[in-house]
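The sequence and structure are shown first.

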Amino acid sequence: MGDKSLSHKAITIAALSEGVSDLQNIDLSVDVRITMQAFRDMGVVIEEVALDRLRVHGVGLRGLKAPIAPINIHESRESLYLLLPVLAGQSFVTTVVGEGELLKQPMSDLLSVIREMGGKIASDVEDCLPIVLTPGQATDVSISLTSGSERLKMSAFLAALYSPTIGHVRPLITELSHCEVLLRQFGAVISECDGGFQIAPSSLSGVDIVLSGDVHEAMWWALLASLLAGSELNVKNVGLDSVSFDYLSFLQSIGLDASVPPESVLGTGLREGEMHVVFSELQSFTLSATQSYRFREMLPLLCVVAAYANGVTHINGVNALPYYHEDRVLALVDALEKVKVRCTYENGELIIYGSVPQGGELDCAGDDRLALAMLALGARSKSTTVVNDCQKLLEEFNELESIAGQLGFHCSVVQ
């Protein structure tokens with residue numbers, strides 16, 4: 001299955017391009033369809049050619065039409081971060097609404113990008129949805145980010161596309177990622193300079209591309225293969241940016257028997273191709289606060305690694321993570337305790353004592369990343385592990401049972 005985040009991005013960039021784009025290996029899960037519908041509501045023709053293939057008729061950077069109703073991004077944070085800078089670059093006023101947790105969370109980091117573009121934001125609760133976005137006069141865009149968020153980085157790049165002169169983006173982490181490579185494939189002129197990137201004014205052109213597979217799912221499969229005796233796994237069409245490559249390299253340093261794809265011709269630091277993983281005994285490890293932040297997307301899986309590893313693992317800097325990443329780790333701490341894996345958490349340091357989980361009943365609180373980690377926690381547990389509230393996981397990951405079965409891991413869906 002295609003990477004969900006890349007699918008959101010590819011649809012967005014294709015809609016803003018001039019000409020037709022053929023997008024293959026697209027993840028058409030619920031969240032991605034929210035982004036699709038928003039562009040359809042603004043006049044972009046998007047054809048569903050196959051289950052994982054779209055034909056997008058781009059309208060150009062400023063060719064969107066005012067929607068007849070508010071744009072509803074529901075609970076899709078990815079849609080919000082992609083759509084707002086695009087809307088700020090148009091000529092019409094837009095109301096953006098959401099649902100659930102997104103209504104309670106201030107979006108100050110994102111809205112600062114919109115204000116840098118000259119956009120004006122009106123909301124009942126400061127920097128929270130719903131908002132009314134009024135585009136301002138086009139202004140030169142120069143953004144210095146204080147967060148390592150990939151979503152925010154992509155928002156800044158989209159904002160820079162609307163700069164009348166060369167736009168500048170200075171991310172907290174300057175390593176090349178899928179954001180830049182994907183934009184370049186559509187014709188964006190991006191170069192590195194002064195500890196950041198500059199984006200020259202240019203139009204985007206429609207292209208035909210095949211997206212790489214979902215990185216987090218590939219990491220989950222790799223973890224299962226390493227945990228289950230006798231496993232041998234080949235995953236095709238894996239796309240690794242510098243963070244996910246470093247994550248796999250770190251796992252190799254503690255015993256993971258895996259080969260990773262070669263460096264891609266699309267951009268220095270990116271790797272695309274096939275990943276091979278076999279069963280291996282993993283050793284305990286110590287993560288610095290810097291490493292914990294860098295691997296924050298994969299920390300729940302690293303907690304599972306620590307639970308099965310030989311020895312005592314120390315994960316530092318948990319309390320310095322963005323709150324939603326910290327919450328995920330703390331939810332894993334609760335899960336570890338329930339399956340009788342000894343762990344302690346104090347002053348931002350998580351200590352996990354490797355052992356064999358006993359199994360039990362866990363609750364992922366509707367978080368698909370947590371659900372995957374909890375299922376992996378039960379891979380070799382002494383008794384059955386039940387993970388509740390997995391509806392989002394089932395919507396996002398419809399190949400779950402078949403892939404787990406190929407690895408000899410019994411995973412069943414309870415209605």
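This is a predicted model: local features need pLDDT of at least 70, side-chain atom pairs count only at pLDDT 80 or more; totals for chains, interfaces and linings use all residues.

## Helix α4 and its surroundings

Gly118, which lies just after α4, adopts a positive phi of about 95°. Within α4 itself (residues 108-116), Leu110, Leu111, Val113 and Ile114 are the buried residues. Viewed down the helix axis, the buried residues of α4 fall within an arc of 145°, so they line one face of the helix. An α-helix has 3.6 residues a turn, so residues three or four places apart point the same way.

The partners of these buried residues of α4 are the helices α3 (77-88) and α5 (150-161), together with the strands β6 (120-123), β7 (131-134) and β8 (142-144).

## Packing of α10 with α11

Helix α10 (residues 299-308) packs with helix α11 (residues 323-338) at an angle of about 30°, and their axes are 9 Å apart. With angles under 35 degrees counted as roughly parallel, α10 and α11 are therefore roughly parallel to each other. The crossing of α10 past α11 is right-handed.

On the α10 side, Leu299, Pro300, Cys303, Val304 and Ala307 meet Arg328, Val329, Leu332 and Leu336 of α11. The residues of this contact comprise 8 nonpolar, no polar and 1 charged.

## Packing of α11 with α12

Helix α12 (residues 368-377) packs with α11 at an angle of about 30°, with the axes 11 Å apart. That angle makes α11 roughly parallel to α12. α11 passes α12 in a right-handed crossing.

Arg328, Ala331, Leu332, Ala335 and Leu336 of α11 make this contact with Arg369, Leu370, Ala373, Met374 and Leu377 of α12. By class, the contact of α11 with α12 has 8 nonpolar, no polar and 2 charged residues.

Methods. Residues are numbered from 1 along each chain as its sequence is written. Side-chain values use heavy atoms; hydrogens and water are left out. Axes are lines fitted to C-alpha atoms, for helices over the stretch in contact, and angles run from 0 to 180 degrees between N-to-C directions. Helices (H or I, at least four residues) and strands (E, at least two) are DSSP runs, numbered from the N terminus. Angles under 35 degrees count as roughly parallel, over 145 as roughly antiparallel, 65 to 115 as roughly perpendicular and the rest as oblique. A crossing is left-handed if the near helix is turned anticlockwise from the far one by less than a right angle, and right-handed if clockwise. Contact means heavy atoms within 4.5 Å. Ala, Val, Leu, Ile, Met, Phe, Trp, Tyr, Cys and Pro count as nonpolar, Asp, Glu, Lys and Arg as charged, and the others, Gly among them, as polar. Buried means under 20% relative accessible area, exposed over 50%, partly exposed in between (1.4 Å probe, protein chains only). The arc is that of the directions from the helix axis to the C-beta atoms.
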